[in-house]
Amino acid sequence: MRTIERTGVLARLPLPYLLLMAAFATFIFCLVVDRYVKMRKATVACFIVSIGCCIGMIVIGGMQYQHWSVEQMLVLYSFAWTGLTIGLVPYRKPYLKYLDEQHRGIKWEKYEFPKWCPMVTVASVIAAGLLGTILVK
């Protein structure tokens, strides 16, 4: 009896398209970080961390019992990073306010963000990850 490997809709795309999708998710994430932080070193650090996370996801996915393919892991990376980028949106206004105050010489001991901001970020990453998993399997 022949075994049929089941892969989801997006994991069937050719590898160059999936790499482009991952690169676009990384670009959007780095663009948002650059707009918020306005420091090139932080943007470059986020880019390097993003590439490391993508490679790490591919390696760890291949080591799993289910043996996730490179294509599947690229889809999951793209969705997770897009969810993270969407989850950073609520931080924009308070962060830019603190950045403006810092440029004017006002420094705080502790920066307060609304308590719902981390919940939105976590929910966004989980929702995007679940959607990516559904489209991969």
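Just after α4, Gly105 takes a positive phi of about 95°. The model is predicted, local features need pLDDT of at least 70, side-chain atom pairs count only at pLDDT 80 or more, and totals for chains, interfaces and linings use all residues. Residues are numbered from 1 along each chain as its sequence is written, and side-chain values use heavy atoms, leaving out hydrogens and water.

**Exercise 1.** Work out what span is expected for α4 and what it reaches.

*Solution.* 
- Helices are DSSP runs (H or I, at least four residues), numbered from the N terminus.
- Helix α4 covers residues 92-103, 12 residues.
- The expected span is 1.5 Å times one less than the number of residues.
- From first C-alpha to last, α4 reaches 16 Å, close to the 16 Å expected.

**Exercise 2.** Find which residues of α4 are buried, and where they lie around the axis.

*Solution.* 
- Buried means under 20% relative accessible area, exposed over 50%, partly exposed in between (1.4 Å probe, protein chains only).
- Pro94, Tyr98, Leu99 and Glu101 are buried in α4.
- Down the axis of α4, the buried residues fall within an arc of 160°, so they line one face. The arc uses directions from the helix axis to the C-beta atoms.
- The face turned away carries exposed Lys93 and His103.

**Exercise 3.** Describe the phi and exposure of Lys38 and His67.

*Solution.* 
- Lys38 lies in the loop between α1 and α2. Its phi is near 60°, positive in a residue other than glycine. At 55% relative accessibility, Lys38 is exposed.
- His67 sits in the loop between α2 and α3. Its phi is about 55°, positive although His67 is not a glycine. His67 is exposed, at 54%.

Technical notes. Helix = DSSP H or I, 4+ residues; strand = E, 2+ residues; numbered from the N terminus.
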